Amino acid sequence: MSTLPVAGGAHVRRAAIRLIRDDRRAVVLMVLLNALAAIAGLAGPWLLGRIVDTVTSGHASVHAVDQLAGAILLCTVAQTLLARSALAVGYRFGERTAARVRERFVDRALALPASVVERVPTGDLAARGTGDVSTVAVTLRDAIPEVLIASAQALFVIVAVFLLDPLLGVVALAGLSAIPAATRWYLRRAPTAYLDEGAAGSALADELASTIAGTRTVEALGLQERRRAAGDAAIARARRTRLRTLFLRSVLFPAVDVSYVVPVVAVLLVGGTLYVNGLLSLGAVAATALYLRQLAVPLDAILIWLEQLQSSGASFARVEGLAVIPRAVVTERRAPAGDRIEARGVRYAYDGGRDVLRGVDLTVRPGERLALVGRSGAGKSTLGRLLAGVDRPRAGTLTVGGVPIAELPPSLLRRQVVLVTQEHHVFRDAVRDNLTLAAPDASDDDLRSALAIVGADWVRELPDGLDTRLGGDGFVLDGAQAQQLALARVVLADPHTVVLDEATALLDPTTARDAERSLAAVLHDRTVIAIAHRLQTAHDADRVAVMDGGRLVELGTHDELVAADGTYAALWRTWHS
């Protein structure tokens, strides 16, 4: 998988319904308050029409007009208070629902298989977790309550016009017919346009992130022009998709603005004719015209948010895309019967390409230290990932204690095998919190012991000890210190098998050997599989497995393989020279 998927329309609708169902009481209250506010808002034009009819009749009294005016004021106050209450309920609903969206996104992102996370552009996942989630949150907080209020107002206004005079209602609807036509034209094109805009934004974010992360490489190899050209292409694509959505809005909004004038003019002409012929009162004509002018406000709100809803709909589809990623099928619930790891005829290929592992047979005995060595691209890291259950073989079997590794649930698998690579992450939190991720119940003495084992003496010199905050404005670790922190987590996790994929590559040779020896001493009754280019690790191992071209070509002790004068012996001589 090279890109994250986008959820389909049916899935997005089900997800939206589920969000509404999760807070149905707030939705019902919001609809009720909006309806009452809309009804209160309808009283003003009708009462104003009564005032017009009372005045034109020639029998009006100041007291009667004052009473009608007072009723208009009361209705206006009631509408304001009800609308404000509805908006407050809507905002609370929006914030709670936005929190659910954020929490589900984080849960799904954390539940993604490591193999998926590593193969998708980091900018895409970051853009979905920041920009797209924020867009959805703003829409849930602002758009939904305002659209509900506007929809209720528009519906009641149209009903009121028909109640005043059915003929004027038909004329008004005919004048508004351009709005549905323009909206349909917009909605046919908008979803695709906004999805393209979101994808272009993710591509731009990924392009910028990769360029920034590889700044030193770009400078060292003189790739500035190439990276600038790639960045310009990503910016051009983002600009092109943005202009497309802007064009759609530039057609929709003017067409709608013109449509607001047409029904008012038509009602005044038809209503004036009916009044002249004594078929309709002047107050009814005035009230109808005021209702139609009042209709522009909710329709404006709906159409303005319609554009935002298209954007947020595309964002929601991207956020929900994580839910449609296939998860590995977990079929094994039984615990492995022992710690022996066995590979038989294992083959593996990345994304449907050629096999990078070709029929590997290997048995890792409990408690032994096995070194995986070989030239770059030989398949060492790939085999390590399969041994740790990160990926599953395309063919063959790979078991621990007789149970397929890749079919174990993560909670059970991680108590068996832990993979530690060169890549590590330091959270912007205290040293203690960074360590207790691996062992939540560990005491401070346990944490200090784990740090001492990996040679992290620098922790004792920190101003606040284990409470010192790391990263950001806190203490900034260098590469070696961050790697030591990761190794301390392994000590605290204490699995029966540890796969170290160049885990000490960032440490100096002396510190690396000390850390590896300390780890081996702590895990003397555990299995340690070390993948390293430093062949001193192989020299200290119980056995050495030599990979070449995706195959396991040699297996034995260091002395046996040197005496055999094969692939390992050549690597050993090259490393020593």
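Helices here are DSSP runs of H or I with at least four residues, numbered from the N terminus. Glycine 201 sits in one such run, helix H7. The model is a predicted one.

Glycine 201 has a relative accessible area of 33%. Buried requires under 20% and exposed over 50%, so a value in between counts as partly exposed. Glycine 201 is therefore partly exposed. Isoleucine 235 lies 34 residues away in sequence. In space, the C-alpha atoms of glycine 201 and isoleucine 235 are 8.6 Å apart.

**Helix pairs**

Two packed helices are described by the angle between their axes and the distance between the axes.

| Pair | Angle between axes | Axis distance | Handedness |
|---|---|---|---|
| H7 and H9 | about 160 degrees | 8 Å | left-handed |
| H6 and H9 | roughly 155 degrees | within 8 Å | right-handed |
| H14 and H15 | about 125 degrees | 8 Å | right-handed |

H7 and H9 pack at about 160 degrees. That makes H7 roughly antiparallel to H9. H6 and H9 cross at roughly 155 degrees. They too are roughly antiparallel to each other. The cut-off for that label is an angle over 145 degrees. Helix H14 covers residues 444-453, and helix H15 covers residues 479-493. Their angle is about 125 degrees. H14 and H15 are therefore oblique to each other.

**Helix lengths**

How far apart are the end C-alpha atoms of H9? The distance is 78 Å. At 1.5 Å a residue, the 53 residues of H9 should span 78 Å, so the model agrees with expectation. After H9 comes glycine 278, with a positive phi near 70 degrees.

Helix H1, residues 9-22, passes the same kind of check. Its 14 residues should span 20 Å at 1.5 Å a residue, and the end C-alpha atoms are 20 Å apart, so the two values agree.

**The two sides of H1**

His11, Val12, Ala15 and Leu19 are buried in H1. Seen down the axis of H1, the buried residues fall within an arc of 100 degrees, so they line one face of the helix. Which exposed residues does the face turned away from the buried side carry? That face of H1 carries Arg13 and Arg14.

**Nonpolar cores**

The largest nonpolar core has 32 residues. Within this core, Ile179, Tyr186, Tyr260, Leu292, Leu295 and Leu299 touch the most other members. H10 gives the most, with ten residues. A second core is separate and has 29 residues. Its members include Val360, Leu372, Leu386 and Ile529.

**Threonine 288**

Threonine 288 lies in helix H10. Is threonine 288 buried or exposed? With a relative accessibility of 0%, threonine 288 counts as buried. Leucine 168 is 120 residues away from threonine 288 in sequence. Their C-alpha atoms are 7.7 Å apart in space.

Conventions:
Residues numbered from 1 in each chain as written. Predicted model: local features only at pLDDT ≥ 70, side-chain atom pairs only at ≥ 80, totals over all residues. Heavy atoms only, no water. Core = buried A, V, L, I, M, F, W, Y, C linked by side-chain atoms within 4.5 Å. Buried < 20%, exposed > 50% of the residue type's maximum accessible area, 1.4 Å probe, protein only. Expected span 1.5 Å × (residues − 1). Arc of directions from axis to C-beta. Axes fitted to C-alpha atoms, helices over the stretch in contact; angles between N-to-C directions. Parallel < 35°, antiparallel > 145°, perpendicular 65-115°, else oblique. Left-handed = near helix turned anticlockwise from the far one by under 90°.
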